[in-house]
Amino acid sequence: MAPKLPAYLYPTESSPGLRVRGGTQYTSSQGDYVCGGCGAEDHANGDNAVKALVDDYTDNHGPAHRNGGNR
Ligand SMILES: [Zn+2]
């Protein structure tokens, strides 16, 4: 029986950021982000999709917005 995750683990417009939960033998990995720079959000399930989501966030959102638009 999977424990219910507390709400603060999920990014929202008022609390932007990247959240990743590793999978277990019963569940796949999950990732979510809400970008504080442009308001974009995305969600992914599964190791490969979560990796792509993290790369997208890292390259195009979040910290990337603070790098002088170098993206
Ligand atoms: Zn963004």
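How many of the five residues of β2 are buried? Four of them are, so β2 is largely enclosed by the rest of the structure; a residue is termed buried if 20 or more other C-beta atoms lie within 10 Å of its own, exposed if 12 or fewer, and partly exposed in between, with C-beta atoms placed from the backbone. The structure is a predicted model, in which local features need pLDDT of at least 70 and side-chain atom pairs count only at pLDDT 80 or more, while totals for chains, interfaces and linings use all residues. Residues are numbered from 1 along each chain as its sequence is written.

The protein contains one helix and three strands, taken as DSSP runs numbered from the N terminus (helices: H or I, at least four residues; strands: E, at least two). Read from the N terminus, the order of elements is β-β-β-α. Of the 71 residues in the protein, 15% are buried. Contacts are assigned to two residues whose C-beta atoms, placed from the backbone, lie within 7 Å. Among contacts between residues at least 6 apart in sequence, 25% join residues at least 24 apart.

The strands form an open sheet of three in the order β1-β2-β3, with antiparallel pairing; two strands are said to pair if DSSP finds at least two bridges between them. Strands β1 and β3 stand at the edges with a single partner strand each, so one side of each has no neighbour in the sheet. From one strand to the next, the twist averages 5°, where axes are lines fitted to C-alpha atoms, for helices over the stretch in contact, and angles between N-to-C directions run from 0 to 180 degrees. Helix α1 packs on this sheet and touches β1, β2 and β3, its direction making about 155° with that of β3.

Five bridges connect β1 and β2 in the antiparallel sense, and V20 stands opposite G31 in β2. On the β3 side, G31 has A44 as its bridge partner. Strands β2 and β3 also run antiparallel and are joined by five bridges, with D32 opposite H43 in β3. Six residues lie between the strands in the hairpin of β2 and β3, where G39 takes a positive phi near 85°.

Strand β1 includes R21. This residue counts as partly exposed because it has 14 C-beta neighbours inside 10 Å. Apart from neighbours within four places in sequence, R21 is in contact with S29 and Q30. The C-alpha atoms of R21 and N45 are 9.6 Å apart, at a separation of 24 residues in sequence.

Helix α1 covers residues 47-60, and its 14 residues should span 20 Å at 1.5 Å a residue; its end C-alpha atoms are 20 Å apart, which agrees. The expected span is 1.5 Å times one less than the number of residues. The buried residues of α1 include V50, L53 and Y57. These cover an arc of only 60° around the axis, which puts them on the same side of α1; the arc is that of the directions from the helix axis to the C-beta atoms. In general, an α-helix has 3.6 residues a turn, so residues three or four places apart point the same way. The cover over the buried residues of α1 includes β1 (17-21), β2 (30-34) and β3 (41-45). On the face of α1 turned away from its buried side are the exposed residues N48, D55 and D59. Just after α1, G62 adopts a positive phi of about 55°.

The largest nonpolar core has seven residues: Y33, V34, C35, A44, V50, L53 and Y57. Such a core is a set of buried Ala, Val, Leu, Ile, Met, Phe, Trp, Tyr and Cys residues joined through C-beta atoms within 7 Å. Two or more residues of this core come from each of β2 and α1, and the largest share, three residues, comes from α1. When neighbours within four places in sequence are left aside, C35 is in contact with P16, A40, E41, H61 and G62.
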